[in-house]
Amino acid sequence: MHVRFRVLLLAVFAAAVFVTAGTSATSRSAGAAANYIVLYKGQAVPKDAASSIAAAGGSLVYSYDQIGVALARSSNDAFRANMLKDNRVDNASPTAGFATQLPNEQAEGGGPDGDLPNAPATDADTFSALQWDMRQIRAPEAHAITGGSSAVIVGDIDTGTDYRHPDLRQNISDANSANCVSGVAVPGAAAADDDNGHGTHTAGTIAAAANGHGIVGVAPNVKIASIKAGNADGFFFPEAVICSFVWAANHHIDVTNNSYFADPFLFNCRNDPVQRAIWKAEKRAILYAEQNGVTVVAAEGNESEDLAHPSSDITSPDNSDPVARDVTNACVVIPVEVPGVIGVTATGSTQQTDNDSDPDYLKAFYSSVGVSVTDVTAPGGDSLFRTPESVNGRVLSTYPASKPCTRSRQEPTSDPTYPTAVYCYLQGTSMASPHAAGVAALIISQFGNDRTPQNGKMRPDQVAAFMQQTADPQPCPTSLPPGYESIGTGTQTGLFYPCQGGPGYNSWYGNGRVDALNAVTKTSGK
């Protein structure tokens, strides 16, 4: 993913309250108004939140009552200090300095089969031959059994989706899509339109249709809920992340793909009084989604760093002037280090040298790693260490025709309103994560059920166990290509982090490479 951004979703939450309140007459103006996350100690927002926020010099914008978080707005420079006088408030923090911008990146088996409708799919679309990534995870073989179920919904928390794209339009769920950029969900696929390009790319990897045109996604029969969290410039703010996960929970989304970092800070430190409010609020939202049956899959990042042992952050905040700082294990990456989230590293197309007779693929040079953070690995592309099969080493997927792409394939359509379908080559753990999210969707399609819709079609911990147990184990490499260690040093520390662990689990590949065929046939990868 050389991407770091925030998430948005749309619609008005059934249990949330949209309120506007006048600013207290006692407030002191300090210039332009700013949004604030107000984190309450309890798991609910007090009934008098609007009046107490007004008394502190602000106005209540939105109340996420399910997780005890309020979004407020104030131009009073004493607003945070005033709110902290309320003993019900855990913390408060302005969000303006907490956005990340996308970089330029051009089984517990599960018992018997479930009762969801499934159908096979084919892999004979125009550019299927260019999809080395799908062959690496054996998606075509899995599709002979199932292409997924239309009853399964994957929420792509990203920059939105081009809902008009010919390879996506039939799989977009308008009713479950939303724009959360403002922190208040605006429903509908049109509201969640992609003005950046990144979200359309990840959506195609998950569920591009098997329709004879373009490419085929990992789960071409499932539905996509476009949950827009990033704006045209690729900035993701905390209120958008919170909005997105609450939306996913309340709409019973089955899986979310998260190819971003939440916060302008690469590492969010619990011992920082301002950052603590942000990460605790985001964590509550993610856990709320998981408790409501949402399987959360997240990219591990493109910094070539060891997330299990962070020591330096020289690029944050990335929406203003960075300030170098030391970080410790009190500092985490959101969402990948939240409990229950499936962390994904990236591989390229090059086979590595190791002691395993099966083909194993080398970690992409940019991918971050970490013992206990990495759960699985998946193809994300590697433009430096590549094979002819992968053309330029990157992953090909859907892209808005209105957005520039350096390396693209195009296909004319018969639709006068959308005459050319565009497909773009990108690389990053942002591209790896949707492969894993697609496999999660296939698992739920094949083995989930609708018996307890309030808890999801399959428990997130079951999905994670299933994915990990059916993954193809990848041992640490015994040797590396020339130049790999010097190119693959951390962007924050300048250090190279060797692979640590055994063939069953290690810091680079976790439990192994996701395997779609193993997943849908309940075959152990061990």
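The torsion about the S-S bond of C269 and C331 is about 105 degrees, so this disulfide (a pair of cysteine sulfur atoms within 2.5 Å) is right-handed. The two sulfur atoms lie 2.0 Å apart, and the bond links distant parts of the chain, with C269 in strand β13 (residues 268-269) and C331 in strand β17 (residues 331-332), 62 residues apart. Helices (H or I, at least four residues) and strands (E, at least two) are DSSP runs, numbered from the N terminus. C269 has a relative accessible area of 4% and is therefore buried, a word that stands for under 20% relative accessible area with a 1.4 Å probe and protein chains only; C331, at 3%, is buried as well.

The model is predicted, so that local features need pLDDT of at least 70 and side-chain atom pairs count only at pLDDT 80 or more, while totals for chains, interfaces and linings use all residues. Residues are numbered from 1 along each chain as its sequence is written, and side-chain values use heavy atoms, with hydrogens and water left out.

A search of the whole structure finds four disulfides. One of them joins C405 and C424, both buried, and with 90 degrees about the S-S bond it is right-handed. Another joins C476 to C499, with an S to S distance of 2.1 Å, and at -70 degrees this link is left-handed. When the bonded cysteines are numbered in sequence order, the pairing is 1-2, 3-4, 5-6, 7-8.

The interior can be followed through its nonpolar cores, each a set of buried Ala, Val, Leu, Ile, Met, Phe, Trp, Tyr and Cys residues joined through side-chain atoms within 4.5 Å. The largest has 57 residues, of which V376, V439, I443, M467, W508 and V514 touch the most other members. Helix α8 (429-447) is among the elements that give two or more residues to this core, and α8 gives the most, with 10 residues. Apart from this core lies another, of 55 residues, among them A229, W247, I278 and W279.

Key:
Buried < 20%, exposed > 50% of the residue type's maximum accessible area, 1.4 Å probe, protein only.
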